[in-house]
Each structure stands twice: as C-alpha cells, then as structure tokens.
Amino acid sequence: MAIAEQTSNIFTDQSALLSLKASITSDPQNMIFSNWFINTSICNWTGVTCGASPRRVKVLDLAYFGLAGTIPASGSLLNLQTLDLHSNQFSGSVPATIFSLSALQVINLRNNHLSGSIPAEIGNLKLLKAIYIDDNEFDEIPNEIGSLDQVEKLSVQSNALKGHVPVAIFNMSSLIILNLHGNNLTGSIPDNICQKLPKIQELYFGHNKFDGPLPSTLWQCKQLLVLSLEANNFSGTIYKSIANLTRLKEISLGYNNFTGTIPHGIGDLPNLEILSLMVNNLDGLIPSTVYNMSSVRLISISSNYLSGRLPANVGLGFPKIQRFYASDNKLSGVIPKSISNASKLTGLDLRSNSIYGSIPSSLCALPFLERLFLESNNLKIDTFTPEVNMLSCLASLTKLRKFWVSHNPLYAMLPVSLGNLSTSLEDLRLRNCNMSGKIPNPIENLSSLTFLDLGSNQLSGSIPTTIGRLQNLQVLNLSNNILRGSIPDEHCQLKNLGDLLLQGNQLSGSIPSCLGDLNAALRSLSLGSNLFTSTMPSTLWKLTYLLHLDLSSNSLTGPLELGHLKVVTEVYLSNNHLSGPIPTGIGNLLDLVILKLANNSLEGAIPSSFGYPLSLEILDLSKNNLSGEIPKSLATLPQLIYLNLSFNKLQGEIPNGGAFGNLSHESFLSNGELCGSPHLQVPLCPNLKSTPLSQTRHICNLKYIIPGITLVIFAVVFIWRLILHRKRKAKAALVTTLLPPQTLWRRVSYQELRRATMDLLIPTYLALGVLAQFIKGHYQTGF
C-alpha cells in the first residue's frame, strides 16, 4: 500500500512538471525538450532534485535556461521547498495555486516578464524564508505578506510598484534584507522603522519617489550594514547620530535634496566601504576624518557645494581607496603629490573645482588608474622640467582608459610622446587648454581610441593622415585651431565615426566626396568657418542618418538637395555661394529644428512645404534672392521662435497668427512690396479678397494717392467757404441794426445753417465725382 501511495505521489509530481513543459513555448538551450521524457525518472530530469524520503520533488531549479512561456496553474508539487525560475522569459501572472505549496521556503522568480499583482495567497506560505521577484513587472504587494513571520529576505527590485509601501511590510520583524529599489513608490520612511524591523541589515529604497527626512531614530538599527536611499526626494540634514551605526558598510544617499554639512563622525565609521553623497545640496568643509577612512573603497561627493583643500597627506589615509569622486564642488588648493600613496586608485574625478598649480607627475605612479578627470580647473603643466612632464609620463599608466583635462590653462606643446600613451586609452580630451604645436603622427598608436577632443587650442600644421588608422574612433574634434591643408581622404576609412568636428580652422580645398561613405555611422558633420571652395559634394546629401550639418562660412557652390537628410535636426549653410531654388523636399525633414541658409544666392519662391517640419524653431533665409509671397504655412509652425526673411524680393501680405504675432520688423527688412500689420513697419494690405494678384500692386499704390486727393478736396472746400463768408458778413451787419436780438438769432441760425450746408455739399460732391472717375480709370489702365 505504501509503495502504491509513493508511486502515486511520483506520478503526481511528474504530471505537474509535464504541465510546465507543455506551457513552455521556447527552450533555446534544449534543456527541457530533450530531457524531460515520461519514460525516465523525473528525479533525473534537468533542474529537478528529489528528496530521499519521501521520494518527491524538493527543488526545481531552471535558472538561466532562457525558457519562454507561462507558469501553469497545475503546480501541485506538494513537497517542493525551492522554486527557482529566475533569468528566463516567463510572462503573464503568477497563478495563485503556486502559493498553495505549503512546503515552499524559497521563491526565486527574478528577471522574467511576470506582471500583475502578487496573489494574496502568498500569506499561506508560513515556511517562506526568502522571496526574490526582482526585474519583473509586478505592480502590487498584498497586505497578506505581512503575516509571514519567517521571511528574512524580501526583494522586489525593479518592478512597477507604485503608491505607499504596505504597512504590513514594516511589520515583518524577521526581515534582514528589504529591497524595494527601482520602483515608483512614494511616501516617507516610518520613524519607527528600527523598532518594527529590529533585525534589519540591508535597506535598499533607491530610485523611487520617497520624500521627507531620514527617520530620526535610524541610529537604533544597530544591525544595519547597508543604507541605500539614492535617487529619491529625501530632504533635511544627515543626522549626526548616523555615526552610531558602527556596522555600516555602505551609505548611499546621492541624488536627493539633503542640506547642511557632512557629519564629522561619518569618517569614524570603522567598517564603511562605500560613501556616496553625490548630487545633493551639502555645503561646508569636507570633514578631515573622511580622508582617513582606512576601510573605504569608494567616496563619491560630487555635485554639492563642498569647500576646502585636499590635505597634503591625502593619499596616506586611503590605503584601500579605489574611486574618489569630488567633481562640481568648490574645492581649492593643489593636488598633493601624496596622492600616489593611494596605490589602488582606479578612478579620480576632480572636475569643475578651483584647483590650481601643476598637475603632479606622481599621478603617473598609480598603476591601476583607469579614469583621470581634471577638467575645468586652473591647472598647468610643468614645462620647466620636461623629464617629469605630466603628459609625457602618462605612458606609464598602462591601464588608463579615460583622460579628461579640458578647460585648463595648460600652456604646453602637444608632445610627440602623446602617441606613446597606453593602447588601452579610449577617451582623450584636451579641449581649450592653450595647447600648441602639431598633432603628432604617432597618434595612430592609440588603437583603442574612440573619443579624441583637441578642439579650441592653437594647434597648427595639417591633419595627420595617420588618424585614419584609428578604426575605433567615434568622435574626432579638432575644431577652432589653426589647422591648414585639406581633409585627408584617409578620414573616410573611419567607418565608426559619428562626429567629425573641424569647424573654425583654415582648412581649404574641396570637401572629400568620400565622406558620403560614412553614412552608416556619421551623425554630426561640422566644417563651418574654413576656406573650402568648389561645388558641394552631392554625396553629402545622401547621409541618411545625419543629425547635424554645418558647412557655413565657406565658399561652397552648387544647389541644395536637403530632402534626403531624413532625420536631420540642425542645418547651417549660411555665408556660402549656394544657388538655385529651395527644394520642396524640405517638407520631408520632419525633425528639423534649425535651418540657416542666409547670405547665399538662392532664388525662387519659399516652398509652402515649410509648414510640415513641425519641430522647426529657427529659420533664417535672409540675404538671398527669394521672391513671391511668404507661405501662410509658416504661421502653422507651433515651435517657431525666430524667423528672418530680410533682404530678399518678397511681396504680398505677411501672414498673421502663429510666430508672426511675436516677430519684429527686422525679420522683413529690405524686401520687395510686403504689406501687413503696422507693428512690422510695412504698409497696410487692402481688404480686397477677390482682387486678382495682378492688381495687388495697383491697390498698394492707391494707399499713397487717395490721402493726397482727399487733402486737395478739403482745401478747395475751405477756400470756397471762406469767400462766401466774407460776402455775407457785410449784409449781416445791416440787418443786425434793424431787428431785435432774439428774432435775429432765430432767422440767422436757420438761414445760415441751410446755406452753409449747401455750400459744403456742392463742392464735396463734385470732388468725390472726380475721385471716382480717377479710381475707375486706374483699374482700367493701371500704372
């Protein structure tokens, strides 16, 4: 009987697993489809572990199989203790029957596509100790989870949870790890969290929408090892009592709104390995204790308002430091030579401070340094002792990948030894450093280089052809130097080049037509303010994925063919000798934001298709030979803030509405015969909707003629009236002596009023008749 019961139980488990197999739609590694067969023992199936007694499925571990499908409702593995399906492609909801498996102790559903709410039946699993459901799309945690009094680890990272954290979670007194990182949770952390979660060791609440201050009783969480609250809306100060949490290994409070100073005692935490306070509003001096944290591996205090100097012995107190990030603060002083004692340093970031003095060559003694960021300070290169020149000794940093020193007054020659830097160097930025000399040919040795920025210096000579051998190069910026010669054809071999920035030099000749071969990668081409001549290469108009094009201020000729630049957002072609019409294909550039074509020889009408690029903000067509009317479609552009059509041959009515309501007269200066609103300082347009376009010019002339004729009419009437008045004045004097005053008033007022009216109407009618005949003749013959 016992044997029959055990057999029945095995078949029950087998049936449940076959149901799971049937729900799997994809098994890319062939882990299930080629192994789970009915004629073999399920205890030998891949991912299945059975217990000794009873012989039932105890563990189901299908992690990293890449399986796709759904979790079936018939999961009747009653002895199952561990269910591990993480890192697959399961989707849909989790069936409530899963939570009837009362023996479950560990559920791991991480990294799938499961969604919906976690079933309330989870509260039935009284033996659960660990719940891992990270990286899914769950949107709700049920209150019933609070009844699980043995759960030590609850991790719901990177889901779609929203609203307040269920109060029940803060009543799970057995919790050691609580991870709610990366959701949309709101509210504040309860002030009594340490009383409710007395065993808590790791709190991960980062990347949510929590707000309010830190719990004032946080210091009571005596077991706390990790406090991770970054990227929220927390505010207030960092309490001094945080120094009482002596077991802390990590404090991550970056990307919040904390104010005040860094507590002095934070540097006395004996086990602290990670201190991240970046992007807050902290001010004051960095506590001296912070520079003596013997256990710390990472310090990130960038983007605050911290001040002070780096201590002279800064490297001596950091025996384990690997990354020190203090950019975007108010630090001053020099970089101490003792920095070389922090021998494990892999990343140093002191950008955007007020640090001055020479860059110490002792930095070249850091064997593991990968990232060195010194941009935007007042640093210099020691040119008096070339043997210890910082740029020369960088060759000893064999692991260096990124070196940024832009926007410093280095005042140095670009050394030939630049080509001797580590072949692992990927990103070199020396922009705006007052560097002089020539770009060395051995730069081709930097085979891993993806980003090279030497712009805004005084570099001279020609562009080395050897740059064309940097096959990994994605950004090349040599702009605003004194480079001469032509663009080497070898540049066309840089198939990964996304940005080619050479504007503001003295480059000449023609633009290589082979640049069109860079279509797959090129996103920005800036060659403006050089001395390029000849016709615009037609291949440039076929750079389908180009976003930014600047060829302004050269001597280029030829027509425009912009229609193929389907995704372009900015085009600068002003100050050239381009000719021909503006192509109607301009309407295909739906993402266009800026178009500048000023000071060319373009002619013809402005295409009405300009109304289609709804993203257009700036349009400059001034100083060309454009004619015809201004398209009314320009008034439909919702984003247009700048328009310049001055110095052309445009005529007709200036459109109303849209951006035209905010434009000034300067946008329309020196055109043919424009008319419109008075604030644009052009004549008013006649309100003749049916008037043929050929008569518009005659109507505009009348607005000058009619006022003159009207003045003549009133002058004639006035003179006539004055003569009559003098003749009657003598007669009126005689009558005045013979009649009483009251009778005189009645008689004179009636008769005089009648005469005056007739005297005024007769010449006015005659003058208006003449004017009518004049206008009639004007329309018949024109001027």
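Is serine 276 buried or exposed, and what is its relative accessible area? Serine 276 is buried, because its relative accessible area is 13%, and buried means under 20%, with exposed over 50% and partly exposed in between, using a 1.4 Å probe on protein chains only.

Some ground rules before I go on. This is a predicted model, in which local features need pLDDT of at least 70 and side-chain atom pairs count only at pLDDT 80 or more, while totals for chains, interfaces and linings use all residues. Residues are numbered from 1 along each chain as its sequence is written, and side-chain values use heavy atoms, with hydrogens and water left out.

Back to the serine. Serine 276 sits in strand 21, residues 274–276; helices (H or I, at least four residues) and strands (E, at least two) are DSSP runs numbered from the N terminus. Setting aside neighbours within four places in sequence, serine 276 has contacts with Ile251, Ser252, Leu253, Gly254 and Ser300, where contact means heavy atoms within 4.5 Å.

Next, the core. A nonpolar core here is a set of buried Ala, Val, Leu, Ile, Met, Phe, Trp, Tyr and Cys residues joined through side-chain atoms within 4.5 Å. The largest one has 203 residues, and Leu178, Phe324 and Leu573 have the most contacts inside it. Elements that each supply at least two residues of this core include helix 1 (2–22), strand 3 (57–61) and helix 3 (390–393). As for phenylalanine 324, not counting residues up to four places away in sequence, the residues it touches include Tyr291, Ile299, Leu310, Phe318 and Leu345.

Now the disulfides. A search of the whole structure finds five, the criterion being a pair of cysteine sulfur atoms within 2.5 Å. With the bonded cysteines of the protein chain numbered in sequence order, the pairing reads 1-2, 3-4, 5-6, 7-8, 9-10. I will go through three of them.

Cysteine 43 is joined to cysteine 50, S to S 2.1 Å. The torsion about that S-S bond is about -100°, so this disulfide is left-handed. Cysteine 43 is buried at 15% relative accessibility, and cysteine 50 is buried at 14%.

Cysteine 194 and cysteine 221 have their sulfur atoms 1.9 Å apart. Cysteine 194 lies in helix 2 and cysteine 221 in the loop between strand 16 (209–212) and strand 17 (226–228), so the pair ties together parts that are 27 residues apart in sequence. The S-S torsion of cysteine 194 and cysteine 221 is about -100°, so that disulfide is left-handed. Both cysteine 194 and cysteine 221 are buried.

What is the handedness of the disulfide between cysteine 364 and cysteine 393? The torsion is about 60°, so the disulfide is right-handed. The sulfur atoms of cysteine 364 and cysteine 393 are 1.9 Å apart. Cysteine 364 is in the loop between strand 28 (356–358) and strand 29 (371–373), and cysteine 393 is in helix 3, so the pair ties together parts 29 residues apart in sequence. Cysteine 364 and cysteine 393 are both buried.

Six strands form an open sheet with parallel pairing, in the order 43-45-47-49-51-52; two strands pair if DSSP finds at least two bridges between them. Strand 43 (557–558) and strand 52 (673–675) are the edge strands, each pairing on one side only. Strand 51, residues 649–653, pairs with strand 52 in the parallel sense over three bridges. Across that pairing, glutamate 653 stands opposite cysteine 675 in strand 52.
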